[in-house]
Amino acid sequence: MLSYRLKTGDTIGMIAPAGPVKKEKLEQSFSFFENMGLRIKLGQHVYDQYGYLAGKDTHRLADFHQMVADRNIKAIIFARGGYGTGRFIDKLDMELIKKNPKIIWGYSDITFLHTAIRQATGLITFHGPMPASDMVKKDFDTLSSQLFRQLFGPTNLIYSESISPLTVYREGEATGSIVGGNLSLLVQTIGTPYEIVTKDKLLFIEDIGEEPYRVDGMMNQLRLAGKLKDAAGIIIGDFAEAEPKVQPSLRMEEVWKHYFRNYTKPVVAGFRIGHCFPHFSIPLGAKATLSSRTKTLQLSPGVR
């Protein structure tokens with residue numbers, strides 16, 4: 001299900017469903033959206049703090065539901081990730097979301113929301129950089145900025161080696177809906193009612209701060225749960241700050257080779273999607289084609 005595109009003059013809602021937000025950082029991001037002709041409405045509890053959370057679960061959930069129900073809000077942009085969306089995932093009003101389909105944008109801990117909402121409602125959501133954690137950084141680049149424009153009209157996206165070098169671990173071409181996100185969050189869904197479904201899908205993974213042995217363990221859990229076997233292909237995004245502290249260690253490349261040496265579907269790595277710049281924003285749930293021959297990922301539009 002596609003949400004309606006943004007137009008100049010539209011209002012976007014900003015909330016913090018996970019970690020606490022620094023007011024000065026979020027405010028620095030406002031000009032980015034205002035320069036595109038958008039208005040901003042903040043959630044009532046966006047600056048709350050409760051330990052490592054942006055306020056109590058009930059308040060963060062209420063902010064989300066209020067933004068979904070507000071007909072004047074055309075997109076919900078999450079201020080930052082961190083931790084916490086899984087704590088209220090079972091309280092989401094999926095019928096409300098179905099009746100009010102709108103753009104939902106974020107990544108990292110937001111993976112739990114992306115997965116649960118897509119699988120319950122069919123809504124395409126967006127994996128992209130967030131205001132308080134990414135857009136205010138000096139490294140926030142032109143490509144990362146320009147990709148936000150896909151929300152203003154149906155846009156076919158193509159990722160090629162003109163953006164970054166890509167490594168092929170298994171040859172092939174596959175087409176399917178692109179699903180996934182942060183690897184550690186995807187693993188957290190296993191065994192819950194929100195378990196990631198990868199059957200005939202292109203599975204995308206990324207993460208930050210996870211050493212090779214940790215990634216190895218999470219990949220093994222996906223393997224044992226049948227998620228790798230079910231997938232039509234694998235898209236390996238950015239694994240930032242992954243240098244091993246435990247020695248001796250396997251290299252990340254050796255981890256990938258272990259899990260995909262006998263794989264019969266395309267596996268391509270090196271996509272700058274995740275905790276990195278440029279951060280190539282993608283519509284999760286949209287139809288996509290991964291090709292090892294052309295070393296490209298082609299994605300259908302995420303809005304109508």
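Start by selecting R149 and F152: R149 lies over the face of F152, 4.3 Å from the ring centre. Here a charge counts as sitting over a ring if NZ of Lys or CZ of Arg is within 6 Å of the ring centre and within 35 degrees of the ring normal. Next, pick R304 and Y4, where R304 lies over the face of Y4 at 4.0 Å from the ring centre.

A word on what you are viewing: this is a predicted model, in which local features need pLDDT of at least 70 and side-chain atom pairs count only at pLDDT 80 or more, while totals for chains, interfaces and linings use all residues. Residues are numbered from 1 along each chain as its sequence is written, and side-chain values use heavy atoms, with hydrogens and water left out.

Now for the aromatic rings. Rings of Phe, Tyr and Trp (its six-membered ring) pair if their centres lie within 6.5 Å; planes under 30 degrees apart count as stacked, over 60 as edge-to-face and the rest as tilted. By this rule there are 13 aromatic pairs. Select F32 and F140: their ring centres are 5.7 Å apart and their planes stand at 75°, so this pair is edge-to-face. F32 belongs to helix α1 (residues 23–34) and F140 to the loop between α5 (131–135) and α6 (142–146), so the pair ties together parts that are 108 residues apart in sequence. Helices (H or I, at least four residues) and strands (E, at least two) are DSSP runs, numbered from the N terminus. F32 and F140 are both buried, meaning under 20% relative accessible area with a 1.4 Å probe, protein chains only.

Finally, colour the strands. An open sheet of 8 strands runs in the order β6-β14-β13-β8-β9-β10-β11-β7, with mixed pairing; two strands pair if DSSP finds at least two bridges between them. At the edges are β6 and β7 (167–170), each pairing on one side only. Zoom in on β7 and β11, which pair in the antiparallel sense over 3 bridges. There, R170 stands opposite V267 in β11.

Notes: Buried < 20%, exposed > 50% of the residue type's maximum accessible area, 1.4 Å probe, protein only.
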